[in-house]
Amino acid sequence: MWEYTDKVKDLFLHPKNVGEIDNPDAVGEVGSIVCGDALKLTLKIDRETNRITDAKFKTFGCASAIASSTALTELIKGKTLDEALNITNQDIAAFLGGLPREKMHCSVMGYEALEAAVANYRGEKPCEVEEGEIVCMCFGVTDQKIKRVIMENKLRTVEDVTNFTKAGGGCGGCIPDIEKILKEVWAEKVIEETVKPRKKLTNIQKIALIQETIEKEIRPLLQADNGDIELIDIDGSRVIISLRGTCTGCLMADVTVKNIEKKLKELVNEELVVEVE
Amino acid sequence: MKVVYLDNNATTKVADEVREAMLPYLSELYGNPSSMHTFGGQVHRNIEIAREQVAALINAEPEEIIFTSCGTESDNTALMSALLSRHDKKHIITTRVEHPAVLNFCKTTAREGYRVTFLPVDKGGRLNLEELRAALTDDTAVVSIMYANNESGVIFPIHDIADIVKSKGVPFHIDAVQATGKIPIDVKKLPCDMMSISGHKMHAAKGVAALYIKRGARFTPYIIGGHQEHGRRAGTENVASIVGFGVASDLAKKHLQTEGTRIQDLKDKLEQGLFNTCPDPRINGDMVNRLPNTTNISFEYVEGEAILLKLNEFNICASSGSACTSGSLEPSHVLRSMGVPFTAIHGSVRFSLSRYTTEEEIDFVLEKMPPIIKELRELSPYGTDLACH
């Protein structure tokens with residue numbers, strides 16, 4: 001038994017904007033009967049103002065899919081296309097007073113139907129869902145979609161990716177791929193976040209960040225090859241280190257030091273120079 | 001609003017007689033049946049009466065019955081015992097449509113190095129007995145096959161299966177959780193080594209089940225501890241539920257003899273009525289060898305959870321094999337094994353009746369169901385020309 005909000009129940013039992021618009025200006029179709037839910041969205045658009053004057057849906061799916069379809073059509077009616085595209089799946093879920101986590105993919109489907117319809121109206125390729133590589137064979141979910149939904153909804157676990165996109169919910173064969181995508185997305189995110197504040201570092205902050213970068217970013221890589229690194233001193237922009245383990249006397253040590261320097265420049269400060277004790 | 005309960009394969013109402021029999025053990029008779037004093041020890045006699053009653057339902061001897069906590073425990077115990085008793089054998093045979101209690105147990109053992117044969121079923125949910133015969137090897141430790149399927153209601157030819165398995169001398173376990181109390185079972189005529197039955201599927205309380213272990217069959221306990229159940233299942237007995245299970249078995253036996261085909265007739269009326277009012281329904285499963293109380297019907301192009309929630313508005317309880325109701329994103333493994341097309345699998349509804357089901361309730365469902373299917377088909381982007389009459 002799902003814990004649906006009263007709003008979801010109400011909009012499931014009394015859906016609004018059901019049907020298909022005759023001669024629609026835009027049509028967006030997503031999902032499939034095999035996957036268990038599908039949504040066909042038809043729009044009437046004022047060609048001069050690009051404003052959505054009417055929206056109707058037909059949905060095959062569970063209660064939350066049907067309620068999400070009503071939410072979508074209510075949210076976009078009267079908006080311009082650009083305004084409508086600013087709506088996210090979170091807005092659809094919020095309109096419904098929230099959805100069970102396992103049902104968030106219904107709100108994502110609503111958003112995708114809108115994207116598909118706008119692309120159709122603008123004569124673009126029918127929806128970006130078709131771009132990228134298929135990761136989940138069971139539900140036909142691409143890496144692009146998984147990445148976007150991870151970032152928009154700040155997802156951290158495979159379980160949540162399944163809740164929001166269905167990917168991984170079938171045979172489970174793609175779960176390692178989803179884990180990889182999660183790691184990639186959040187690794188990129190970490191870099192972006194740490195790059196920003198680097199201009200205003202105090203000396204103490206700089207030292208702390210160098211230490212942290214060595215511990216988290218550099219050391220694990222060296223240790224993976226049975227090597228190691230020790231931070232000896234920081235003198236202005238000079239970072240003095242010592243290589244340990246198999247790194248000692250390694251023919252590739254120069255390359256390793258250059259790479260360490262590159263990482264520190266990237267994550268801490270452009271001016272840093274790495275020297276071996 | 002009155003509840004119209006047509007989900008009896010999930011669980012059943014506790015019979016009034018069962019509840020009455022249980023109550024003393026939830027109040028004044030709280031003693032431990034293992035105690036030396038009369039206050040506790042007297043309770044033990046009632047457990048033995050219940051054992052006789054449960055045994056009588058399947059024509060077993062009382063000492064061939066041990067009480068467990070649920071059907072899953074009975075299934076797990078049976079399989080684990082078979083594997084431990086013949087630890088040199090590394091092959092298990094079961095079917096693709098078993099209850100998760102057997103299916104997932106077998107999948108776990110497969111990860112531990114056992115070879116598992118999952119026998120397929122045809123469109124009607126039927127097994128091919130030749131495939132069973134061919135799968136049996138000298139290395140087979142146990143064969144575990146259900147008597148009747150919980151989702152489709154299909155009854156397997158369990159006597160023929162037992163003959164094949166026993167002709168090879170392989171231990172045979174039957175998951176009879178859905179069959180007991182619904183069709184007559186006689187273990188004296190059915191050569192199996194173990195059989196799981198469950199209380200709450202036949203109007204006893206939850207938390208009690210039984211495992212039949214044929215006299216002389218090798219058995220290794222699963223739950224280890226005290227001497228309860230003659231050391232075959234440790235743990236203080238769930239006295240109230242066990243006593244209730246005994247009464248429920250008595251009632252089930254009586255009911256099987258007196259009521260005959262009443263439930264079957266009601267189910268046929270429901271099926272026929274839905275066929276007459278909704279275009280393109282399909283029955284999932286063998287039309288002949290089915291439990292008298294179960295029907296699994298698909299309404300193409302609509303989704304099962306949506307049907308259930310609309311029925312819920314009228315307090316009608318049923319269940320579905322659709323992905324959205326499964327707790328995962330995968331639709332029912334039983335219907336998929338039967339090759340039910342996806343267009344129909346998501347729109348499947350299972351109605352399971354009981355001896356408490358009335359004709360008025362069936363009429364009520366037949367009145368409410370067609371407009372529900374009609375509304376949902378109008379909402380659906382597929383097959384819009386299939387509205388109900």
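Modeller: Here is a walk from that sheet out to the salt bridges, the cores and the chain contact. Keep in mind that this is a predicted model.

Let's start with the open sheet in chain A: it has 3 strands in the order β6-β7-β8, with mixed pairing. The edges are β6 (227–235) and β8 (273–276) of chain A, each pairing on one side only. On average, neighbouring strands here are turned by 35° against each other, direction ignored. Two helices of chain A go with the sheet. Helix α9 (residues 203–224) of chain A packs on it and touches β6 and β7 of chain A, with its direction at about 165° to that of β6(A). Helix α10 (residues 253–267) of chain A lies across β6, β7 and β8 of chain A and runs at about 145° to β8(A).

Now zoom in on β7 and β8. Strand β7 (residues 238–245) of chain A runs parallel to β8(A), and 4 bridges join them. Arg238(A) has Val273(A) as its bridge partner in β8(A). Arg238(A) also forms a salt bridge with Glu275(A), with the closest N and O atoms 3.0 Å apart. Since Glu275(A) lies in strand β8 and Arg238(A) in strand β7 of chain A, the pair ties together parts that are 37 residues apart in sequence. Both ends are partly exposed: Glu275(A) has a relative accessible area of 29%, and Arg238(A) comes in at 33%.

Salt bridges with shared partners join Glu112(A), Glu115(A), Lys145(A), Arg148(A) and Glu152(A) into one network. Over all chains, the structure holds 40 salt bridges.

Next, the nonpolar side of things. The largest nonpolar core has 90 residues, and Ile76(A), Phe299(B), Ile307(B) and Phe351(B) touch the most other members. Helix α5 (residues 104–121) of chain A gives the largest share of this core, 11 residues. Beyond its neighbours within four places in sequence, Ile76(A) has contacts that include Leu41(A), Ile52(A), Ala84(A) and Leu114(A). There is also a second, separate core of 69 residues, with Met22(B), Met146(B), Val170(B) and Val239(B) among them.

That brings us to where the chains meet. In all, 22 residues of chain B are in contact with 31 residues of chain A. About 2200 Å² is buried between chain B and chain A, and carbon and sulfur atoms give 71% of that. The rule finds 1 salt bridge across the interface of chain B and chain A. Glu305(B) and Lys103(A) form a salt bridge, with the closest N and O atoms 2.7 Å apart.

Glu305(B) also belongs to the buried residues of α9(B), as does Ile307(B). In that helix, residues 304–312 of chain B, 8 of the 9 residues are buried, so it is largely enclosed by the rest of the structure. Its buried residues pack against α1 (6–13) and α2 (63–76) of chain A, as well as β10 (294–299), β11 (316–317), β12 (348–352) and α12 (359–379) of chain B.

Terms used
Residues numbered from 1 in each chain as written. Chains lettered and ligands numbered in written order. Predicted model: local features only at pLDDT ≥ 70, side-chain atom pairs only at ≥ 80, totals over all residues. Heavy atoms only, no water. Pairing = 2+ DSSP bridges. Axes fitted to C-alpha atoms, helices over the stretch in contact; angles between N-to-C directions. Contact = heavy atoms within 4.5 Å. Core = buried A, V, L, I, M, F, W, Y, C linked by side-chain atoms within 4.5 Å. Buried < 20%, exposed > 50% of the residue type's maximum accessible area, 1.4 Å probe, protein only. Buried area = accessible area lost by both parts, 1.4 Å probe. Salt bridge = Lys/Arg side-chain N within 4 Å of Asp/Glu carboxyl O.
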